[in-house]
Amino acid sequence: MVLLHSHVVRGRMDQTCEVKHKVMDSPLGKVEVSACEQGVHEIRLHGMKSPDARAVEAPTLPELLCCPGEMTAPLKQCVAWLDAYFHEPAVLKDLPLPAIHHPIFQRESFTRQVLWKLLKVVKLGEVVSYQQLAALAGKPRAARAVGGAMRANPLPILIPCHRVVCSSGAVGNYSSGQTTKEWLLAHEGRLVRKLTCPGGSSVGSTSHSSLLARGEYLWE
């Protein structure tokens, strides 16, 4: 089931944004995407479903039930991107990332720097440690602050905070729970195998350790 509604919020410099919301089903339960005409504001994982770590394929999403004309362009782009992420990984590279319009990205801060680096540098099937991401953002001793930036991330999955793990190899915390983080990492392991070996047979869930063994940490 897909729901669509809108409300008005204040944006940067007191500009008014008419924010529209789309609620869609996913293997992780309900996902709510919020966006105005200028960009995506937020992605919320409502966590009403426990992901099956043994699942080989993501279950099919239902058809979109609302008229495309009712959605802003960034909202349509974000929904299309999420749909591809779960179900059609081969088309991800051809889909534009939606514009982002959230206060965190409208002012200079360490959190903004960390989230932009994560979005631009850490790709599908890769992981990075909190300390390594801190170094990428220009403050190698700020690993704890990177953890705070991950908690402040308004766009999970799109900005892949699930790819940030502990230097020890432990998965680490995640706002939607460790099980969800492990599912996302395993799901990306399956996607990478599909992209590198199209038509190959599917196997079970990829463990975090095998994901690291294949993609390894960045910038060791």
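This is a predicted model: local features need pLDDT of at least 70, side-chain atom pairs count only at pLDDT 80 or more; totals for chains, interfaces and linings use all residues.
Lys 120 lies over the face of Trp 116, at 5.1 Å from the ring centre. Among the residues named, Trp 81 belongs both to an aromatic cluster and to the lining of the largest pocket.

**Aromatic pairs and cluster**

- The structure contains four aromatic pairs; in one of them, the rings of Trp 81 and Tyr 85 have centres 5.6 Å apart and planes at 15 degrees, so this pair is stacked, the limit for stacking being under 30 degrees.
- Trp 81 and Tyr 85 both belong to helix α1, which spans residues 73-87, and because they are four residues apart in that helix, about one helical turn separates them.
- Tyr 85 also pairs with Phe 86, here in an edge-to-face arrangement with 5.3 Å from centre to centre and 80 degrees between the planes.
- Trp 81 and Tyr 85 are both buried; Tyr 85 has a relative accessibility of 0%, while Phe 86, at 4%, likewise counts as buried.
- A single aromatic cluster is formed by Trp 81, Tyr 85, Phe 86 and Trp 183.

**Charges over rings**

- Trp 183, a member of that cluster, has Arg 190 lying over its face, at 5.8 Å from the ring centre.

**Salt bridges**

- Five salt bridges are found in a search of the whole structure, including the one between Lys 30 and Asp 25, in which the closest N and O atoms are 2.4 Å apart; Lys 30 counts as partly exposed, at 24% relative accessibility.
- Another salt bridge joins Glu 42 to Arg 44, with 3.2 Å between the closest N and O atoms, and both partners are partly exposed, Glu 42 with a relative accessible area of 28% and Arg 44 with one of 43%.
- Arg 112 forms a salt bridge with Glu 108, the closest N and O atoms lying 3.3 Å apart, and Glu 108 is exposed, with a relative accessible area of 67%.

**Largest pocket**

- The largest pocket holds about 360 Å³ of space, and of the 17 residues that line this pocket, those closest to its centre are Trp 81, Leu 92, Lys 123, Leu 124 and Arg 163.
- Sorted by class, the lining of the largest pocket comprises 14 nonpolar and three charged residues, with no polar residue among them.

Methods: Residues are numbered from 1 along each chain as its sequence is written. Side-chain values use heavy atoms; hydrogens and water are left out. On a 1 Å grid over the protein atoms alone, a cavity is a set of points where a 1.4 Å probe fits but cannot get out, and a pocket is an open set with protein on both sides within 12 Å along at least five of seven lines; lining residues have an atom within 4 Å of a point. Grid points are joined across faces, edges and corners, and a volume is the space filled by probe spheres set on the points. Ala, Val, Leu, Ile, Met, Phe, Trp, Tyr, Cys and Pro count as nonpolar, Asp, Glu, Lys and Arg as charged, and the others, Gly among them, as polar. A salt bridge is a side-chain nitrogen of Lys or Arg within 4 Å of a carboxyl oxygen of Asp or Glu. Buried means under 20% relative accessible area, exposed over 50%, partly exposed in between (1.4 Å probe, protein chains only). Rings of Phe, Tyr and Trp (its six-membered ring) pair if their centres lie within 6.5 Å; planes under 30 degrees apart count as stacked, over 60 as edge-to-face and the rest as tilted. Helices (H or I, at least four residues) and strands (E, at least two) are DSSP runs, numbered from the N terminus. A charge sits over a ring if NZ of Lys or CZ of Arg is within 6 Å of the ring centre and within 35 degrees of the ring normal.
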